[in-house]
Amino acid sequence: MRRMITICAAVTALASGAAVLQLKLAVQEKAEAVEALAQQIHQDREAIRVLEAEWAFLTTPRSLQEKSIRFLALMPPSAEQVVTDITRIPFRPKGIEAGEDPGVLLPTKAQPEENKKHDKTDKDRKGQSL
Amino acid sequence: MSATTAYQRLSLEGERKSALDVARNRLMVAVLLFFAAFAVMVVRTIELGLSTPETKQVAERQIVIPPVKVARADILDRNGEVLATNLETSSLYANPSKVKNPAEVAARLVEVLPDLSLSEVEEKLSSERKFVWLKRKLSPREKWQVNALGVPALQFQREEERVYPHGRLAAHALGYVDVDGNGLGGVEYFFNDRLNDANRTDEPIRLALDIRVQYALTDELEAAMSAHRAIGAAGVVMDVNTGEVIALASLPDYDPNDIRGVANQQRFNRATQGVYELGSTFKTFTFAAALDQGIATLEDGYDATKPLHVARFTIRDDHPKARFMSLPEIFAYSSNIGTAQMALDLGAEKQQNFLRELGFLDPTNIELAEVGSPIYPATWRKSSTMTISYGHGIAVSPIQLVNGIAAMVNGGRLIPATLTHNDDNWRQGQQVISQNTSRKIRQLLRLAVTKGTGGRSEAVGYRVGGKTGTAEKAVAGGYDRKALISSFVGVFPMDDPQYVVFALLDEPRGTKETFGYRSGGWVAAPVVKNVILRSAPLLGVAPKREDEGLYQQVALMIEE
């Protein structure tokens, strides 16, 4: 009996010692990882500064305009093209219809009629625009 | 035998006794040692119990990320776009005492850095010193090439470089820095101490500028300047309700990233430093003063049939109607004769006080060191009163004019112009004219565009109001008829003024498109129109159909 207790105590002592050592190593590893992470964040922040400057350089209005002229057929908008009233947007679903996304499927039979209706209202509204 | 055994026993006993003594002595030593150890532990326990607990932890719970250290704070625009930032770079230096063969090293170095002079580098490398700068701020590519030479005496010092990603845009507002990062112009100079404050380098300064509007303004001014072969141009966009400067342009400009060899003429800020006689745009202030102080009402009029003669001047109209004109007509057709007579009714003193109140007699208070002092006559004669009423004989900077116009249209509150983003700036304003007068001025400005000289600034949908200004340049002993300062100040939208747009061209020449005309209405008004068309959607001003009723009453008083 006494021997059992001794053995038990010895085994427990050994096991807990090993566990503590294991924990210590794990903590050390984590601490190193945290340190590395902090360093990484620091470096990333420095890199972000450079990237922000580069972004500003690349998107400076002058170069955007040059690229727009080269690659796009966009012109400066005229006052008529600016829609200030949201209800003027043509084909804009209203109320409950807004929830249904037709996606890329072919239109059902009901829809052409609706479009016509919108067309008409749109034309009516055009009369009011500038 | 017995004696022998007795002796032996004796000696055995003696040996046993001494062994016991030794064991006991040793035991005592161990006991004492243990006692000492326990005593130390007891003392330590008591000490720990008495002392305050230490807060030190084995592992730090707070993770410290080393902050990004820069030597100078960034400058941002109102939307957070980077206008000026510090980036890391390397500077090349050498330790000449370690260079064995200066001529060879110099030759190889100049090969990769062609902008260095061979003789100079050789001289530096042959010197006896331990440290010489060879080149400041190398590009990463140059650094790599120098490293590839494999000369141990060539070394790099980490340094920071001020970078302006937008190049020339807003150069005059931003300014520039020297090689050590001290501001030498613009806000870089004005806020130098704040930007270099070691505790606040992570807090950027946010300017009121909007870089997109700045580009629209600069681009249009550049186009007009080359079309009319002008020697210079200036432009300002200001928020009338906060006094914030949304865009500030002066041409010719420079690239703050590389200020070597930039002429003074390029550094000159025409928008704040240059003072110009701005011509008829000043009539707005004469009208405001007369209407506000009850000298005249919109129903009054003046006789403009023939030129006025005063002292050695003759006051003529550029767009002569040669008849009696109502006040709205005088404004819309920009009659000098009518305005001068109104100024006489107003009187020199009131005129002077009004202009002083608007800040036209002192340099402006904007956050720039480059501000020009206005020029006006020391003795305010009758002729001065008359000429100043239409903008001759007084020279102010464009920013001052814009600031004054903003006060005329925003309900009469003069808000100091500012380059920093500050929503509370309007609180510093003070009332200079009544709300009612401001409303009348708005009507007059709108009609000057729809019916008068400013027609070419009409940006459809944005209800622009404005006033043209054309002045002959003052030269020694008079005016140069050939050299004009043509300007236009526009406000939009006129039913709820938000922004003032000002454009000025220095010595424009007429073109085929303008039929040879080079007045403000022909050369500067289209610039303002284009700037408004380009920037209004960016600034959130929606195009709208005009409410004609706002101007009907005054419009009826204008005859073609």
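Modeller: Let us begin with a term that will be needed later: helices and strands are DSSP runs, numbered from the N terminus. With that term, one can say that Pro493(B) is placed in the loop between strand 15 (478-492) and strand 16 (499-506) of chain B. Please keep in mind that this is a predicted model.

Colleague: Which elements make up chain A, and what share of its residues is buried?

Modeller: Chain A has three helices and zero strands, in the order α-α-α from the N terminus. Of its 130 residues, 2% count as buried.

Colleague: How many residues does each chain bring to the contact between chain A and chain B?

Modeller: Chain A contributes 23 residues and chain B contributes 28 residues. On the side of chain A that touches chain B, the elements giving two or more residues are helix 1 (2-58) and helix 2 (61-71) of chain A. Helix 1 of chain A supplies the largest share of that side, namely 14 residues.

Colleague: How does one describe two packed helices?

Modeller: One gives the angle between their axes and the distance between the axes. Consider helix 8 (residues 211-227) and helix 18 (residues 525-539) of chain B: their axes come within 9 Å and cross at roughly 165°. Angles over 145 degrees count as roughly antiparallel, and therefore helix 8 of chain B is roughly antiparallel to helix 18 of chain B. The crossing of these two helices is right-handed.

Colleague: Which residues of helix 8 of chain B meet helix 18 of chain B?

Modeller: Helix 8 of chain B brings Arg212(B), Val213(B), Ala216(B), Leu217(B), Glu220(B), Leu221(B) and Ala224(B). Among the residues they meet in helix 18 of chain B are Val527(B), Asn530(B), Arg534(B) and Leu538(B). The residues of this contact divide into nine nonpolar, two polar and three charged.

Colleague: Where is the peptide bond cis in chain B?

Modeller: One case is the bond from Leu251(B) to Pro252(B), which is cis with omega near -5°. Pro252(B) belongs to the loop between strand 7 (245-251) and helix 9 (264-267) of chain B.

Colleague: Is Ala170(B), which has a positive phi, buried or exposed?

Modeller: The phi of Ala170(B) is near 60°, and this residue lies in the loop between strand 4 (154-163) and helix 5 (171-174) of chain B. Ala170(B) is buried, because 31 other C-beta atoms lie within 10 Å, and 20 or more are required.

Colleague: What is the corresponding description of Arg229(B)?

Modeller: Arg229(B) is not a glycine, yet its phi is positive, at about 45°. Arg229(B) is found in the loop between helix 8 and strand 6 (232-239) of chain B. With 13 C-beta neighbours inside 10 Å, Arg229(B) counts as partly exposed.

Methods: Residues are numbered from 1 along each chain as its sequence is written. Chains are lettered from A and ligands numbered from 1 in the order in which they are written. This is a predicted model: local features need pLDDT of at least 70, side-chain atom pairs count only at pLDDT 80 or more; totals for chains, interfaces and linings use all residues. Helices (H or I, at least four residues) and strands (E, at least two) are DSSP runs, numbered from the N terminus. A residue is buried if 20 or more other C-beta atoms lie within 10 Å of its own, exposed if 12 or fewer, and partly exposed in between; C-beta atoms are placed from the backbone. Two residues are in contact if their C-beta atoms, placed from the backbone, lie within 7 Å. Axes are lines fitted to C-alpha atoms, for helices over the stretch in contact, and angles run from 0 to 180 degrees between N-to-C directions. Angles under 35 degrees count as roughly parallel, over 145 as roughly antiparallel, 65 to 115 as roughly perpendicular and the rest as oblique. A crossing is left-handed if the near helix is turned anticlockwise from the far one by less than a right angle, and right-handed if clockwise. Ala, Val, Leu, Ile, Met, Phe, Trp, Tyr, Cys and Pro count as nonpolar, Asp, Glu, Lys and Arg as charged, and the others, Gly among them, as polar.
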